[in-house]
Amino acid sequence: MSAAEGPLVVGVDSSTQSTKALVVDAATGRVVASGQAPHTVSSGDGRESDPRQWWDALCAALHQCGEAAHEAAAVSIAGQQHGLVTLDAQGEPVRPALLWNDVRSAPQARRLVEELGGPKFWAERTGSVPGASFTVTKWAWLAEHEPEAARSVAAVRLPHDYLTERLTGQGTTDRGDASGTGWWASATEAYDEEILARVGLDPALLPRVVRPGEVAGTVRDGHHDLPFSRGTLVAAGTGDNAAAALGLGLRPGTPVLSLGTSGTVYAVSEHRPADPTGTVAGFADARGGWLPLACTLNCTLAVDRVAALLGLDREAVEPGTSVTLLPYLDGERTPNLPGASGLLHGLRHDTTPGQLLQAAYDGAVHALLGALDLVLDQDADRTTALLLIGGGARGTAWQQTVRRLSGRPVQVPQARELVALGAAAQAAGLLTGEDPAAVARRWKTADGPVLEAVERDEATLERISGVLSDAAPLLERGPQNR
Ligand SMILES: Nc1ncnc2c1ncn2[C@@H]1O[C@H](COP(=O)(O)OP(=O)(O)O)[C@@H](O)[C@H]1O
Ligand SMILES: O=C(CO)[C@@H](O)[C@H](O)COP(=O)(O)O
């Protein structure tokens, strides 16, 4: 492998299922080395992970990168959004983190919205109407269900903050990830003291919000388990979706569909979002703009689970289905049905396993595409190609389903790890003073084949919408009925 042309930077994606680390040549965007290590998530009613596992996975992924990581001049960590990490006075987790896809705090979410001004108030104040994914509802759940644990908390962090702090020794976050907490006012770009007081959380327990382009700290001494040199610059990091937007060098008007543990659909915008229906979360991006986004809880894992139940390979889909499968195995967030479970309708003697699997893909993609127009600015060109990213974007069945149900051209970037690349671009920006999105555009990370538009399969979309609305009473049942 030829020598790097510029300084090396490290970008990390600490997402739900694994940590991925890339060492990237800041001059060209060439990936010089990479590593990946898995995480475990609890099953049953809740979704929890021990944050120390993320650190161990980070160390393992970086060690796989070898000497290159040691030479890096700057590093940035992006992570799964919303997770509630609670630390004691020694910086140790008080309990496992409550993750974004843990729906146990749905009653707290409902109560908070009702008791504090209603959906319009929340949307205008924080950009989003908080559902069970939002950190503020998880803190309210903890205070109610585990008051002793809540009382012993000395610091509250998001997943990427926890890892960054272990590198630098300083409690920091960024506006992108802070905007998914529910206690960061997008209107004023500051922590919202009224909301924090309502849930009994002392603002002193929260990290400092680092500005875009600002250095969060440097790698501190004593990290013999990490292959970084002392003094390596550490960027603010951000949430994984905001990082992927950086990693694609995304401009307003281009929609992104990400297929991972979560399904997300988003765009960047210069206008601060405030959707009182709660479908679109009004996140901030990691630059100074906005990231209207809709997210589903059931995407690649749910469809893989259906394939496993059927004993099929994930690509073994067959066309011609009139079966509807709503794959809401984990409850759902878009549509907002936290207590829902999977639902199958329209089964006949001649239905094949491959058609059932196709129905699961259709159900997962339908939920995301319903929000596509809502995340785009009014003047966006509706024929622009949809960028398809995340682990699922590599699958032909996912690509073809998105193509058929969106009716849009679909571009699949060749670059694999866009979240880690976005973090790397943020780290590179610290060294060169460039806008990280401009760095990614220079690296040509979004380049990839474009699958031409096909006619949109309106009949399938309408059938799924019809089942969704007819089955509403079943799907709306609360978590106690799961
Ligand atoms: N070749 C492939 N075809 C279809 N799906 C894939 C392929 N490779 C990985 N996946 C899916 O990608 C998912 C992981 O995606 P990823 O974006 O890394 O998730 P996360 O960031 O949520 O941890 C897995 O659940 C798997 O189903
Ligand atoms: O909750 C959201 C977005 O609001 C999720 O997108 C999480 O950020 C988890 O991401 P993945 O692990 O699926 O990438």
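**Ligands, sheet and helices**

By class, the shell around ligand 1 is made up of 2 nonpolar, 11 polar and 3 charged residues, where Ala, Val, Leu, Ile, Met, Phe, Trp, Tyr, Cys and Pro count as nonpolar, Asp, Glu, Lys and Arg as charged, and the others, Gly among them, as polar. This is a predicted model, in which local features need pLDDT of at least 70 and side-chain atom pairs count only at pLDDT 80 or more, while totals for chains, interfaces and linings use all residues. Residues are numbered from 1 along each chain as its sequence is written, and chains are lettered from A and ligands numbered from 1 in the order in which they are written.

**Around the ligands**

- Ligand 1 is surrounded by 16 residues, and the closest are Ser 15, Gly 260, Thr 261, Gly 391 and Gly 395; a residue is near a molecule or strand if its C-beta atom, placed from the backbone, lies within 6 Å of it.
- Helix H11 (residues 300-310) gives the largest share of the shell around ligand 1, 3 residues; helices (H or I, at least four residues) and strands (E, at least two) are DSSP runs, numbered from the N terminus.
- At least three residues of the shell around ligand 1 come from each of domain 1 (8-236) and domain 2 (249-412 + 452-476), with domain bounds taken from an automatic or database domain assignment.
- Around ligand 2 there are 17 residues, of which the closest are Ser 15, Thr 16, Gln 81, Trp 100 and Ser 262, and the shell divides into 3 nonpolar, 13 polar and 1 charged.
- Ligand 2 lies between domain 1 and domain 2, because both give residues to the shell around it.

**The open sheet**

- An open sheet is formed by 7 strands in the order S18-S19-S17-S16-S22-S23-S24, with mixed pairing; two strands pair if DSSP finds at least two bridges between them.
- The edge strands, each pairing on one side only, are S18 (281-284) and S24 (450-451).
- Strand S16 (residues 256-259) and strand S17 (residues 263-266) run antiparallel and are joined by 4 bridges, and Thr 264 in S17 is the bridge partner of Ser 258.

- The axes of helix H10 (residues 240-247) and helix H15 (residues 418-432) come within 7 Å and cross at roughly 70 degrees; axes are lines fitted to C-alpha atoms, for helices over the stretch in contact, and angles run from 0 to 180 degrees between N-to-C directions.
- The contact of H10 with H15 has 9 nonpolar, 3 polar and 1 charged residues.
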